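Here are my notes on the model you sent.

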Amino acid sequence: MQSNYKNIIENAYNLTKPLKDLGKLATYIPELANVNPNKFGVHMTHIDGTHYGIGDNQEKFSIQSIAKVLSLTLAVKFIGEKIWTRVDVEPSGTKFDSLLLLETYNGIPRNPFVNSGAIVICDILLTHLEHAREEFLEFVRDLSDIPDLTYSDNIADSEKATGFRNVALCNFIKSLGNIKNKPEDVLDFYFDMCSLEMNCQQLSHTFAFLINGGRKLNNGKKIISRSQAKRINALMLTCGFYDESGEFAFKVGLPGKSGVGGGIVAVYPNNFTIAVWSPKLNPNGNSFKGMKLLEDITTHSEMSIF
Ligand code: DON
């Protein structure tokens with residue numbers, strides 16, 4: 001890795017760390033409220049395979065909605081274009097768990113990253129894969145090179161006990177005919193999918209196929225085609241931060257995806273992936289300091305897709 005990347009990350013980390021954190025922990029999933037709010041880590045993986053991190057970059061956290069990119073990738077890989085009849089590719093301009101537009105668009109979620117869209121992707125995977133839960137885990141183990149990766153029962157159970165909004169979303173979509181399996185099975189898989197835990201280094205490694213034309217960096221294995229990778233990156237740019245997607249593109253200028261565990265992954269095709277973790281969230285459900293750090297990195301380095 002060019003040494004200036006290391007300096008850029010260190011400078012951005014040191015500048016962002018002392019800032020007053022105006023965010024709040026996600027408490028609607030009780031298990032996430034137990035996380036130390038002062039954690040802060042970042043890790044960059046460069047296209048040449050070198051990587052660098054600082055802070056709490058080796059500590060695992062709940063990746064939550066970031067996993068929606070991985071379930072979408074599996075659906076695109078195995079089912080292909082057919083999925084776009086079930087979920088659209090437009091920014092929603094609404095909160096991640098909103099019910100609002102489902103009635104307007106007859107049960108077709110606006111995109112695969114809002115909760116409703118990710119729930120429909122889980123339904124599609126359940127229909128088309130014999131053992132979707134296990135096959136998804138195997139897929140992420142291979143992508144991440146974490147052979148013992150498992151779903152977190154604590155996180156999943158905590159969400160299963162309290163996720164009434166997602167239960168409502170799934171049942172409402174079912175009533176409109178766009179969920180084919182039993183809502184309980186779809187929701188179980190969705191909550192498990194969101195419960196995966198990784199650290200910043202592992203997350204930046206896992207997402208490296210999206211900067212490398214759909215192939216893994218370390219062994220060149222094809223995950224999806226170059227054109228499919230382009231589409232997933234386009235969706236992360238336009239929909240990865242819900243009703244803050246415009247602001248993220250405006251301030252950071254990279255495709256990315258956030259999760260309510262406080263993680264964000266951003267990708268710069270042909271260059272690098274960067275994962276950041278800081279648990280306190282802004283009112284739109286995106287990491288307050290994570291956004292600030294990424295804005296600082298792309299502004300000072302002038303590295304952005306625009
Ligand atoms: O379904 C939920 O509410 C969570 N499992 C995931 C939401 C999430 O991560 C939104 N991201 N910022």
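1. Which of the 13 residues around the ligand come nearest? In this predicted model, the nearest are Q64, S65, C194, G259 and V260. By class, the shell around the ligand holds eight polar, three nonpolar and two charged residues.

2. The position of the ligand follows from who supplies that shell. Residues come from domain 1 (3–62 + 198–301) and also from domain 2 (65–194), so the ligand lies between the two domains.

3. Next, helix 6 and helix 8. Helix 6 spans residues 153–162 and helix 8 spans residues 183–194; their axes come within 8 Å and cross at roughly 135°. Helix 6 is therefore oblique to helix 8. The crossing is right-handed.

4. The residues behind that contact are A156, E159 and K160 on the helix 6 side, with F191, D192 and C194 on the helix 8 side. Three of the contact residues are nonpolar and three are charged, with no polar ones. Note C194 in particular: it belongs to this helix contact and is also listed among the residues that come nearest the ligand.

5. The contact of helix 4 with helix 7 comprises five nonpolar and three polar residues, and no charged residue takes part.

Methods. Residues are numbered from 1 along each chain as its sequence is written. This is a predicted model: local features need pLDDT of at least 70, side-chain atom pairs count only at pLDDT 80 or more; totals for chains, interfaces and linings use all residues. Ala, Val, Leu, Ile, Met, Phe, Trp, Tyr, Cys and Pro count as nonpolar, Asp, Glu, Lys and Arg as charged, and the others, Gly among them, as polar. A residue is near a molecule or strand if its C-beta atom, placed from the backbone, lies within 6 Å of it. Domain bounds come from an automatic or database domain assignment. Axes are lines fitted to C-alpha atoms, for helices over the stretch in contact, and angles run from 0 to 180 degrees between N-to-C directions. Helices (H or I, at least four residues) and strands (E, at least two) are DSSP runs, numbered from the N terminus. Angles under 35 degrees count as roughly parallel, over 145 as roughly antiparallel, 65 to 115 as roughly perpendicular and the rest as oblique. A crossing is left-handed if the near helix is turned anticlockwise from the far one by less than a right angle, and right-handed if clockwise. Two residues are in contact if their C-beta atoms, placed from the backbone, lie within 7 Å.
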